[in-house]
Amino acid sequence: MLFIKNGHIKPMVGEDLERGCILIDDNGKIAAVGASLEAPEGAEIIDAKGRLVTPGCVEAHCHIGLDNEAMGWEGHDYNEIVEPLTPQLRAIDSINPQDEAFENAIRGGVTSACTGPGSANVVGGTFAAIKLTGKRVDSMIIKEPVAMKCAFGENPKRCYGQGQKKSPMTRMATASLLRELLFKTKRYMEDKESGRTPAYDMKLEAMIPVLKGEIPLKAHAHRADDILTAVRIAREFGVKMTLDHCTDGSLIADELAKEGFPAFVGPSLGGKTKIELSHKSFETPAVLKAAGVPISIITDAPVIPLQYLPMCAGLAACEGLDMEEAWRAITINPATQTGIADRVGSLEPGKDGDVVIWTANPLTVIGAHAYVTIVDGRVVYEEKSRGN
């Protein structure tokens, strides 16, 4: 058992506890959170000494483990640019837990992430939700698959229309290819359910969970018209969807509020490297939230290294997002919107013991990072000066 005492606990549900305690049981689950708990006999005790204590941060959209740091071409395992429709690909078959980005993320207080294929293909394959510590991806999985990646806008056009001189060369073609795949999957699924037993098709099998509403489409879309094309197709087929990047979201916030799809906003730090990023801004989360759109903040790591997820939330707070909402946008919101809130995203009894004790508030203090990071009730990182 692990017992954390004397922490300023921000559980993401209910009120903060100025001097609170957390008990994590032998199974790595949170057993209790409160202001007046006593450490059970034999428990390992960590004195937070008044430091901020939060759930581990959750990243809703990145490519950690598939786009490896400092490995050049050999580490690029996130885009299969040979055909525009590859739904049969699975992130878990490319994730490299030995990538140094995992240790950096843990030191930065990020303990869970949804990671998967890039946006070269109209449909790229499935994302997985994983813990960010471990030697083997199979033992790191929170949920798999968690979403099916699809992409609109410049990226598919550039990778095929310009690079390979084949479809999609236009936004019309991108939408058409996705529609065709969804129509074929619908027919394939109906044939299977009626007993007509069609020939096995790995691509269509991979798309069945989307049509059944078991996982959402994870729609890469920056420009306003691309975002609304994604919405149009999702409505046509009655499928779930998240709007990833949503760069122009502030321009159509009222329209998106009518639809109810979650927006994963980012990466908002850095240059405007493409035409469709012309409205990139840290103001977007606040505008979307004010309109009633469910939001999370993302890094799209390695575009922004994953350890800077809290900093991105802080920058959004500087541009108008309420500070509490900024915290929720990197904890309970992404956990809820990716379907893993039963395990992570808040400090509640029964959830995984993923806890961060911070050196300072990372949303307001440059250079703040984890003093202690705990995943599944086990200390996986601690400041070398711990004890001072």
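Predicted model: local features only at pLDDT ≥ 70, side-chain atom pairs only at ≥ 80, totals over all residues.
1. The largest pocket has a computed volume of about 470 Å³. Its lining is made up of 28 residues, and those that lie nearest the centre of this pocket are Ser119, Asn155, Lys274, Asp300 and Val303. Sorted by class, the lining of the largest pocket holds 13 polar, 9 nonpolar and 6 charged residues. Among the elements of the fold, helix H2, which spans residues 154-162, gives the most to this lining, with 3 residues.

2. The second largest pocket holds about 410 Å³ of space, and 18 residues line this pocket, with Tyr308, Met311, Ile366, Gly367 and Ala368 the closest to its centre. Two or more residues of the lining come from each of helix H1 (100-107) and helix H8 (309-318), and H8 provides the largest share, namely 5 residues. By class, the lining of the second largest pocket has 10 nonpolar residues, 7 polar residues and 1 charged residue. A reader who wishes to look at this site on the screen could begin with Tyr308 and Met311, which are among the residues closest to the centre of the second largest pocket.

3. The largest cavity contains about 70 Å³ of space, and its lining consists of His63, Ile64, Asp67, Glu69, Ala101, Ala301, Pro302, Pro305, Leu306 and Gln307. When these residues are divided by class, 6 are nonpolar, 2 are polar and 2 are charged.

4. The second largest cavity has a volume of about 50 Å³. The residues that line this cavity are Cys114, Phe127, Val146, Ala147, Pro216, Lys218, Thr242, Phe264, Gln337 and Thr338, and by class they divide into 6 nonpolar, 3 polar and 1 charged.

5. Which way do the side chains of strand E14 (residues 355-358) point? Val355 and Ile357 point one way from the strand, whereas Val356 and Trp358 point the other way, and all of these residues are buried.

6. Strand E14 also has pairing partners that can be followed residue by residue. Strand E5 (residues 52-55) pairs with E14 in the antiparallel sense over 3 bridges, and within this pairing threonine 54 has valine 356 of E14 as its bridge partner. Strand E15 (residues 370-375) likewise pairs with E14 in the antiparallel sense, over 4 bridges, and here tryptophan 358 stands opposite alanine 370 in E15.

7. Is threonine 185 buried or exposed? Threonine 185 has its place in helix H3, which covers residues 171-194, and this residue counts as buried because its relative accessibility is 0%, where the cut-off for buried is under 20%. Leaving aside residues up to four places away in sequence, threonine 185 touches Leu204, Met207, Ile208 and Leu211.

Notes. Residues numbered from 1 in each chain as written. Heavy atoms only, no water. 1 Å grid on protein atoms, 1.4 Å probe; cavity = no way out; pocket = protein on both sides within 12 Å on 5 of 7 lines; lining within 4 Å. Points joined across faces, edges and corners; volume = space filled by probe spheres on them. Nonpolar A, V, L, I, M, F, W, Y, C, P; charged D, E, K, R; others polar. Buried < 20%, exposed > 50% of the residue type's maximum accessible area, 1.4 Å probe, protein only. Pairing = 2+ DSSP bridges. Contact = heavy atoms within 4.5 Å.
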